[in-house]
Amino acid sequence: MACGSISGALTIIVLTGRIGLSGVEEIYRYRWNDMLKLQMELCFSITLSIAVLLGNSVHLEAAIIGSAPADSDGSLSRACPMCCQGPAGTPGIPGLPGNQGQYGPAGAKGDAGVKGQKGESGPVGDVGNPGKKGDNGMGLPGKVGPRGPPGSVGAVGEVGVKGQKGQPGDTADISLHQVAFTVTRTSHSDPFTSHNTRLPFDQIETLVSGTSFDLATGTFTCNVPGTYVFTFSVCKYNHSGNLWVHLRKNEYFVVTGFSSVSSVNVQVSGSAVLILHQGDSVYLTMSGRTNSYTREHTASFSGFLLYTQLNQQG
């Protein structure tokens with residue numbers, strides 16, 4: 001019996017070895033679950049073989065030792081008759097693979113993965129079909145358009161009813177008006193030969209608000225009727241001919257200053273009191289050449305309102 005157990009154990013070991021060596025090609029033909037099944041079966045067969053070997057080893061030792069006879073010295077009691085063990089049998093054919101086991105329970109849900117980078121924009125799709133016409137809504141008012149061209153002149157309307165005569169307005173008190181000026185030249189004049197050439201000025205020293213004076217022509221224009229005082233002073237250019245300076249009201253020669261001295265500078269002056277009406281003009285004309293400087297103004301013309309016309313009439 002011990003020999004039979006040893007033979008069976010050896011047969012299992014051979015079978016197990018054959019499965020481990022030649023079954024590699026078969027394992028790759030199955031799915032992953034089949035491979036797990038084969039591995040479990042292999043482990044079970046190895047464990048079973050080890051258990052059987054351990055059991056047979058115990059029985060074999062007991063069979064060899066046995067119990068010694070009473071009249072024996074025990075020297076032959078441990079001898080095993082080897083002739084009782086026959087030759088090893090032919091290994092059997094490996095068994096067929098077992099059925100597929102049940103699937104295990106589903107695993108726990110894994111953690112969320114890291115968010116991937118934004119992909120590139122895809123190509124522009126085709127233009128879709130136009131949608132249906134919507135309801136008439138109330139949109140915001142548009143911008144004001146450009147101004148159109150002026151229209152044609154319309155027909156003359158009918159004459160309206162004549163209005164009532166208004167009350168007379170207040171008479172302006174021109175007695176409160178003030179008029180005064182002083183103008184000067186800052187350079188020499190060109191030589192003039194005509195007595196009708198006006199003497200211009202280029203700098204205002206005094207010009208009261210409401211006073212009308214034109215520097216380019218050297219002309220004062222009366223806006224407030226009344227009595228005025230005018231004065232002038234002009235320096236003759238040395239080493240030149242005669243100098244004539246005329247104070248004129250409109251076209252009338254009022255006062256004339258004259259110098260014929262040519263070796264030195266001579267100051268020619270004059271003054272007048274004039275009654276002026278609105279629109280009258282007063283100015284200077286000359287014949288000869290005047291002298292004046294930027295700092296020393298040796299050519300000047302002044303005037304101011306003495307009395308208004310209403311005060312004269314009163």
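Let's start with strand β7, residues 243-249. β7 is mostly covered, with five of its seven residues buried. Buried means under 20% relative accessible area, exposed means over 50%, and partly exposed is in between, using a 1.4 Å probe and protein chains only. Strands are DSSP runs of E, at least two residues long, numbered from the N terminus.

A word on the source. This is a predicted model, where local features need pLDDT of at least 70 and side-chain atom pairs count only at pLDDT 80 or more, while totals for chains, interfaces and linings use all residues. Residues are numbered from 1 along each chain as its sequence is written, and side-chain values use heavy atoms, leaving out hydrogens and water.

Now, which strands pair with β7? One is β8, residues 252-259, antiparallel over seven bridges. Another is β10, residues 281-288, antiparallel over six bridges. Two strands pair if DSSP finds at least two bridges between them. Take L247: its bridge partner in β8 is V255. Then R248: its partner in β10 is Y283. The β7 and β8 hairpin has two residues between the strands, and N250 takes a positive phi near 55 degrees there.

Next, the surface. V273, F304, L306 and Y307 form a nonpolar patch, with about 390 Å² of accessible area together. Such a patch joins nonpolar side chains (Val, Leu, Ile, Met, Phe, Trp, Tyr) within 5 Å, from residues with over 30% relative accessible area and no salt bridge. A salt bridge puts a Lys or Arg side-chain nitrogen within 4 Å of an Asp or Glu carboxyl oxygen. Areas come from the Shrake-Rupley method with a 1.4 Å probe; for residues, only the protein chains shown count as cover.

Strand β12, residues 299-308, gives the most to this patch: three residues. V273 lies in β9, residues 267-276. Why does V273 count as exposed? Because its relative accessibility is 55%.

Technical notes
Patch = residues over 30% accessible without salt bridge, like charges linked within 9 Å, V, L, I, M, F, W, Y side chains within 5 Å. Helix = DSSP H or I, 4+ residues; strand = E, 2+ residues; numbered from the N terminus.
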